[in-house]
Amino acid sequence: MMEKAYKSARFIIIFGILNRILTFVKEALIASKIGCCFETDAYFTAFVAATLLAEIIGEGISTGMVPILLKIEEKEGSWRKVDYVNNLLHMVIILSILLMVLGWVLSPVVVRVLAKGFVGEEFKATVNLMKIGLPIGIFIIIRAVFIAYLQSFHAFKAGTKSWIYYNIVYLIYLVALNKYGVYGLMVAGILASAVQLYSVIPASIHLGYRYERILDFKNAYIKEFGIMFMPIVIGISINRVNVVVDKSIASTLTTGSISWLNYANDIIQLVLGIFITAIVTVLFPIISQEYNRENIESLKSAMKKGTKIILSIAVPATVILVTLSEPIVKLLFERGEFGPTATLMTSRALTYYALGLGGMALVLVLTKVHYAMHDSITPMVSSAVGVLANLVLNIILSKYMGVKGLALATSISTTLVTVLLIKDLNKRIKVIDIHRDIKIFIKFVIAAGIMAVAILFVYNSMEGINITGNIIRILIPAMAGLLAYMGTAFKLFRV
């Protein structure tokens with residue numbers, strides 16, 4: 001099973017890299033053709049307003065469905081999963097339509113909450129853009145049902161490929177039809193989401209899905225799902241809610257602050273989306289299956305292996321993003337309307353976001369382990385603490401540090417959530433021994449410190465050398481740092 005998981009993870013990583021390349025091309029085109037102005041602030045805010053709740057609900061649906069689908073398969077056979085999927089599908093369609101109508105009516109209120117600093121034309125444009133983008137939520141929620149069905153068979157290819165199709169639609173608009181501005185960009189988002197949903201349906205049919213008219217609110221598995229659903233929704237929303245809080249307070253700062261945070265967060269999501277999410281995605285069905293079979297030792301083994309891989313990626317990635325934040329932002333975004341000032345401000349936000357990368361990565365896997373153990377309350381409580389801490393820290397730090405303070409607040413609050421989840425998990429299965437693993441943590445810190453010194457030394461040494469190409473100025477120091485990190489880690493962990 002683990003060997004199959006590693007193969008699936010490699011596939012997700014490869015296509016994840018391609019998808020992230022397309023995503024950054026899309027973001028770079030937006031930055032180049034539209035820039036950092038009130039229009040992009042309005043667009044990014046409106047997109048979040050139109051899709052945030054749907055994304056949270058969609059992830060809650062797919063996360064809550066997987067353990068239940070595997071339970072149905074274990075008890076009644078895989079064919080009974082189709083009845084459950086059709087039953088839930090009709091329910092989420094009704095829910096998504098109600099949410100769209102409610103979003104239309106409450107759009108001015110939602111924008112006020114998300115961007116309290118917006119007034120006049122900026123506020124009006126954001127409300128209009130949000131109304132246009134509301135249908136995206138329907139496609140997001142419906143797609144989540146099919147993604148859960150596929151993952152219950154350990155099938156991940158269709159879901160991964162669907163993001164490629166999603167970004168291609170955007171690129172076609174930005175290259176060929178950009179004359180319609182941010183309003184056209186939002187319409188492109190609707191078409192992209194529809195294509196993304198359609199692309200996962202054939203794979204579901206191949207694995208036995210057949211549409212049937214079923215709507216039974218009294219179904220026992222639906223009731224079980226309902227009990228887990230709301231805590232899961234709250235628990236998995238930690239990163240999204242923190243980003244929304246950041247943007248809301250950023251709307252009261254210098255014009256462009258929301259865009260700077262958005263571009264910085266895109267880079268963080270690059271690492272999380274390509275590597276960490278791939279590992280967590282393939283581990284979740286395995287952990288759920290082992291728990292349903294009461295094989296706790298296998299669960300602990302999978303958890304330990306996953307955590308080790310995640311930290312081996314997150315630590316060096318954090319060092320690279322902190323030490324090379326400005327040249328990375330310059331390489332990815334500085335062109336057209338995105339000038340040196342935007343590069344500087346985005347890189348500062350990126351530096352402080354990167355400090356919490358390890359916590360963000362561990363939160364993803366730790367919450368999945370809790371859900372696999374049918375515990376949705378602990379992640380919910382931990383997330384609530386994290387959101388509250390982020391809000392308080394945002395208010396305090398933004399006064400003294402501006403945009404940097406908002407990013408730092410997110411990193412601190414996410415690290416707090418990580419600690420809370422580890423503490424609770426250790427009470428049950430003792431995955432992480434604090435006293436035993438503190439020495440390992442210190443070794444990681446030492447290796448990371450040496451890596452940072454190597455990167456800065458090589459990067460500063462290249463200042464007087466005539467090298468063309470920003471990518472070379474990043475790759476050479478980064479490779480030197482990685483070699484120093486691996487050499488140091490080998491010596492430290494060999495003892």
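**Helix packing and a surface patch**

α11 and α13 cross in a left-handed sense; a crossing is left-handed if the near helix is turned anticlockwise from the far one by less than a right angle, and right-handed if clockwise. This is a predicted model, in which local features need pLDDT of at least 70 and side-chain atom pairs count only at pLDDT 80 or more, while totals for chains, interfaces and linings use all residues. Residues are numbered from 1 along each chain as its sequence is written, and side-chain values use heavy atoms, with hydrogens and water left out.

Helices here are DSSP runs (H or I, at least four residues), numbered from the N terminus. The angle between α11 and helix α13 (residues 340-354) is about 155 degrees, and their axes are 8 Å apart. Axes are lines fitted to C-alpha atoms, for helices over the stretch in contact, and angles run from 0 to 180 degrees between N-to-C directions. The pair is therefore roughly antiparallel (angles over 145 degrees; under 35 counts as roughly parallel, 65 to 115 as roughly perpendicular, the rest as oblique). From α11, T318, L321 and V322 meet L350, T351 and A354 of α13. Contact means heavy atoms within 4.5 Å.

Helix α11 (residues 296-323) also packs on helix α14 (residues 357-372), at about 160 degrees with axes 8 Å apart. So α11 is roughly antiparallel to α14. This crossing of α11 and α14 is right-handed. On the α11 side, the contact residues include L299, M303, T307 and I310. On the α14 side, L357, G358 and A361 are among them.

Now the pair α4 and α7. The axes of helix α4 (residues 120-133) and helix α7 (residues 181-206) come within 9 Å and cross at roughly 20 degrees. α4 and α7 therefore run roughly parallel. A125, N128, L129, I132 and G133 of α4 touch V182, Y183, M186, V187 and I190 of α7. Their crossing is right-handed.

Which residues make the nonpolar surface patch of about 750 Å²? They are I97, V101, L102, W104, V105, L106, V109 and V113. Patch residues have over 30% relative accessible area and no salt bridge; like charges are joined within 9 Å, and nonpolar side chains (Val, Leu, Ile, Met, Phe, Trp, Tyr) within 5 Å. Accessible areas come from the Shrake-Rupley method with a 1.4 Å probe; for residues, only the protein chains shown count as cover. A salt bridge is a side-chain nitrogen of Lys or Arg within 4 Å of a carboxyl oxygen of Asp or Glu. V109 lies in helix α3 (residues 80-114).

Technical notes
Helices (H or I, at least four residues) and strands (E, at least two) are DSSP runs, numbered from the N terminus.
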